[in-house]
Amino acid sequence: MADHLVERTLRVDSAQIRAYAEATQDFNPIHLDRSFAEKTEMKGIIAHGTMSLNLIWQSLTATFGLDPASRAKLDVRFTAPVREHDVLTSGGVRRDPAGPVFAVWVKNADGIAVIKGTATVEVTGCAAHLPAGRCGAG
């Protein structure tokens, strides 16, 4: 099993925030209404937390494949807001060389963790020994 998660990157912009709002039906004005958002303690528009969280799922899927990633258990905290124009990177590292728990994070370009926590990934069969998508490859 891998010791590090494959990193994934997302450049956040207003079009993505709007598209995510429409996909999730979450039209909270903190995400979409600049004049409203600037008057809040956030001092501007912030992206949906779950939009950023998706990067961890992408890292897990890229590392282990869809089936193990879909069974992973996350325990995370949202630690900082994500703003328009942020560039985010997700990743993770195994906490114990023999265990299934990974320290995971999403960080902005300044290296500030916007999400951090753990992912527990139980990988069985050939997926425990080969890169994602390589099981059954000849």
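How many residues lie between β3 and β4 in their hairpin? I looked this up in the predicted model and found 6 residues between the two strands.

**Entry 1, strands.** I followed the pairing of β3 (residues 87–94) on both sides. Strand β1 (residues 8–11) is joined to β3 by 4 bridges, and the two run antiparallel. As a position to check by eye, I noted L10, which stands opposite L88 in β3. I then turned to β3 and β4, where I counted 6 bridges, again with an antiparallel run. Here I noted G91, whose bridge partner in β4 is W105.

I stayed with W105 and looked at its ring. K107 lies over the face of this ring, at 4.9 Å from the ring centre.

I searched the whole structure for aromatic pairs and got 1. F64 and F102 form the pair, with 5.6 Å from centre to centre and 70° between the planes. I logged the geometry as edge-to-face, because the angle is over 60 degrees. Next I asked where the two residues sit in the chain. F64 belongs to helix α4 (residues 49–64) and F102 to strand β4 (residues 101–107).

Are F64 and F102 buried or exposed? I find F64 buried, and F102 is buried too.

Key: Residues numbered from 1 in each chain as written. Predicted model: local features only at pLDDT ≥ 70, side-chain atom pairs only at ≥ 80, totals over all residues. Heavy atoms only, no water. Phe/Tyr/Trp six-rings, centres within 6.5 Å; stacked < 30°, edge-to-face > 60°. Buried < 20%, exposed > 50% of the residue type's maximum accessible area, 1.4 Å probe, protein only. Lys NZ or Arg CZ within 6 Å of the ring centre and 35° of its normal. Pairing = 2+ DSSP bridges.
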